[in-house]
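User: I am new to this structure and would like to learn how to read its features one at a time. Could you take me through them, giving the general idea before each case?

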Amino acid sequence: MAVHTLICSIYHFLTGVGDESFGDAVYFEFTRLSAVAFGDILPHQHLTLAGAILQNFLINIPSQILAFTLFVRILPVLS
């Protein structure tokens with residue numbers, strides 16, 4: 001999960017069009033993956049359709065699969 005957060009942070013840092021620092025990208029990814037999502041930092045929108053599609057295939061879909069897998073693996077241990 002930490003490696004995925006780091007990869008997503010690097011992606012958002014490199015594709016960002018604003019004045020975001022790498023720390024802001026890591027903070028945004030951590031809050032997004034932990035489902036806290038305070039909303040105080042939002043990434044800028046991609047300028048192209050290809051960028052939006054790549055974001056879904058490289059970041060959004062894998063992060064949801066990882067979160068679901070962790071949830072399914074941890075839930076039986078907690079109950």
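Predicted model: local features only at pLDDT ≥ 70, side-chain atom pairs only at ≥ 80, totals over all residues.

User: Which elements make up the secondary structure of the protein chain?

Analyst: Helices (H or I, at least four residues) and strands (E, at least two) are DSSP runs, numbered from the N terminus. Here the protein chain has three helices and zero strands, and the order from the N terminus on is α-α-α.

User: How does the reach of α3 relate to what is expected at 1.5 Å a residue?

Analyst: The expected span of a helix is 1.5 Å times one less than its number of residues. Helix α3, residues 49-78, has 30 residues and reaches 42 Å from its first C-alpha to its last, close to the 44 Å expected. For α2, with twelve residues, the end C-alpha atoms are 17 Å apart, which agrees with the 16 Å that the helix should span.

User: Where is the kink in α3 centred?

Analyst: A bend at a residue is the angle between axes fitted to the seven residues ending there and the seven starting there. In α3 the kink is about 40° and is centred on Asn56.

User: Which residues of α3 are buried?

Analyst: Buried means under 20% relative accessible area, exposed over 50%, and partly exposed in between, with a 1.4 Å probe and protein chains only. The buried residues of α3 are Gly51, Gln55, Ile59 and Ser63, and their cover includes α1 (2-15) and α2 (22-33). An α-helix has 3.6 residues a turn, so residues three or four places apart point the same way. In α2, the buried residues are Ala25, Phe28, Glu29, Thr31 and Leu33, with α1 and α3 included in what covers them. Across the protein chain, buried residues make up 20% of the 79 residues.

User: Why does His4 count as buried, and what is His4 in contact with?

Analyst: His4 counts as buried because its relative accessibility is 11%. Contact means heavy atoms within 4.5 Å.

User: What does Glu29 touch?

Analyst: Glu29 is found in helix α2 and is buried, with a relative accessible area of 0%. Not counting residues up to four places away in sequence, Glu29 touches Thr5, Cys8, Ser9, His12 and Ile59. Glu29 and Ile59 are 30 residues apart in sequence, while their C-alpha atoms are 9.9 Å apart in space.

User: What share of the contacts joins residues 24 or more positions apart?

Analyst: Of the contacts in the protein chain with a separation of 6 or more, 53% are between residues 24 or more positions apart.

Note on methods:
Residues numbered from 1 in each chain as written. Heavy atoms only, no water.
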